[in-house]
Amino acid sequence: MFDILNGDSIVHRKHRLLRVVDLTGLQDDGDRQDADTIGQWSRTVALAKACIDVSRTSRRDEYSSSKRRKSRSGTALDANCENQLCVEFHANLFITSNSYTTVKDALQIGKSSPLCLKCRDLRAEELSAKKTIGILELLDPVVLRKIELRYNNLGLSGLSTLFPYFPLFANLSSLKLPYSNIDVRHMTPEMEESFQSLVSMFSQLPNVRELNLASSRLSGRIRELLNVLQQSLESLELAYCYLLPMDATYLANSHHAPYLKKLDLSGNNLSDVLLGPFCQILQHSSTSLVYLDIMECRVMDRQLTAFLPALGLCSQLQYFSCFCNPISSQGLKALLNTAVHLPVLKVVVHPIPVDCYEEGLPWPPSTYDLIDYSIDQEKLSRVDAELHEIRLKAVRTDILTTVELYNDFSFDVLQLY
């Protein structure tokens with residue numbers, strides 16, 4: 001992969017035409033990644049080290065060359081990047097605390113090296129605010145299009161130190177801040193000030209169409225956050241955000257709903273007052289929605305029956321997950337009888353029916369119960385056969401139904417960029 005990263009081919013070739021090497025199309029890590037395929041983290045480190053090695057080799061060769069020329073002319077030549085043909089390497093970078101120093105060094109030397117590392121999609125995990133800023137300051141403001149910061153546990157106050165940097169990236173179309181420990185339910189004046197800084201920052205992102213705020217406790221504040229976005233969102237992830245009816249009602253009637261292609265509301269309680277607004281969301285996004293995830297939303301047969309008519313309107317839906325919800329085999333068959341009429345549906349991830357567990361399943365069952373309680377395999381086999389029969393009669397054996405979390409779905413169909 002990195003055979004072209006050597007001094008002879010980049011620095012010393014007389015007729016140098018190569019200007020950009022685009023590595024952004026390489027597949028990222030996945031649960032079913034080929035064992036022989038290098039992962040995104042390892043690829044980031046390998047590319048960064050290669051850029052550093054080439055820079056060192058180039059500097060050494062240029063120093064030797066300039067000494068020879070100085071001995072003839074008496075004047076040393078400037079050997080910075082402006083006097084060379086630099087090759088830009090565009091890549092998606094995955095940075096953790098273990099790779100931070102190496103990647104930062106590679107980004108820094110790109111300003112004076114024959115190889116200039118450019119980040120298109122940034123994914124950083126468990127980095128402090130200081131280290132995150134250290135990376136953001138080195139990224140090309142035109143090339144970068146995606147920022148994903150995970151598991152940093154910064155909270156509103158820590159994240160607020162990053163807010164001034166996000167609007168600097170003119171082509172930023174995706175911002176993901178899951179697991180950032182944002183909680184707006186018990187606000188101090190200082191926290192409210194940080195929240196208003198977040199709102200202000202959102203208003204300065206003219207091209208963002210993908211937003212992930214998963215596991216942030218945003219009860220009652222969704223309107224403030226999303227109403228200031230200039231573009232209608234095509235992908236929105238609000239999993240485990242403790243949404244209130246006012247949040248769901250706003251979303252259903254917002255300028256985002258008719259354009260949503262991906263929606264993740266996992267972990268929000270759809271069993272009670274959120275059910276009506278959720279049905280409205282489905283109705284208003286029915287002509288655009290491609291991916292819908294309502295995992296662990298306390299949906300039982302009654303709630304499923306209530307929103308099936310709205311789900312049946314989602315003509316573009318390709319992926320639907322209701323994993324880890326207490327639904328019976330009858331409810332599951334009703335779901336599939338609706339699903340087979342969705343013309344482009346490819347995947348249905350469903351829970352194990354509650355009547356397929358051994359006797360004694362607590363009611364209502366917790367997430368732990370649904371995952372770990374003993375299963376009656378004979379009953380489950382009978383239900384699987386009945387589901388297959390439904391697909392067979394509808395001539396929809398192309399639909400995959402599974403009780404396994406499914407991570408191989410191609411998001412190319414979303415066309416977010």
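Q: How many aromatic pairs does the structure hold?
A: Rings of Phe, Tyr and Trp (its six-membered ring) pair if their centres lie within 6.5 Å. This is a predicted model, with residues numbered from 1 along each chain as its sequence is written. Local features need pLDDT of at least 70, side-chain atom pairs count only at pLDDT 80 or more, totals for chains, interfaces and linings use all residues, and side-chain values use heavy atoms, with hydrogens and water left out. The number of aromatic pairs is 4.

Q: What is the angle between the planes of Tyr-151 and Tyr-179?
A: Planes under 30 degrees apart count as stacked, over 60 as edge-to-face and the rest as tilted. Tyr-151 and Tyr-179 are a stacked pair, 4.8 Å centre to centre. The angle between their planes is 10°.

Q: How many residues apart in sequence are the parts that the pair of Tyr-151 and Tyr-179 ties together?
A: Helices (H or I, at least four residues) and strands (E, at least two) are DSSP runs, numbered from the N terminus. Tyr-151 lies in the loop between strand E4 and helix H5, and Tyr-179 in the loop between strand E5 and helix H6, so the pair ties together parts separated in sequence by 28 residues.

Q: Are Tyr-291 and Tyr-319 buried or exposed?
A: Buried means under 20% relative accessible area, exposed over 50%, partly exposed in between (1.4 Å probe, protein chains only). Tyr-151, at 39%, is partly exposed. Both Tyr-291 and Tyr-319, however, are buried.
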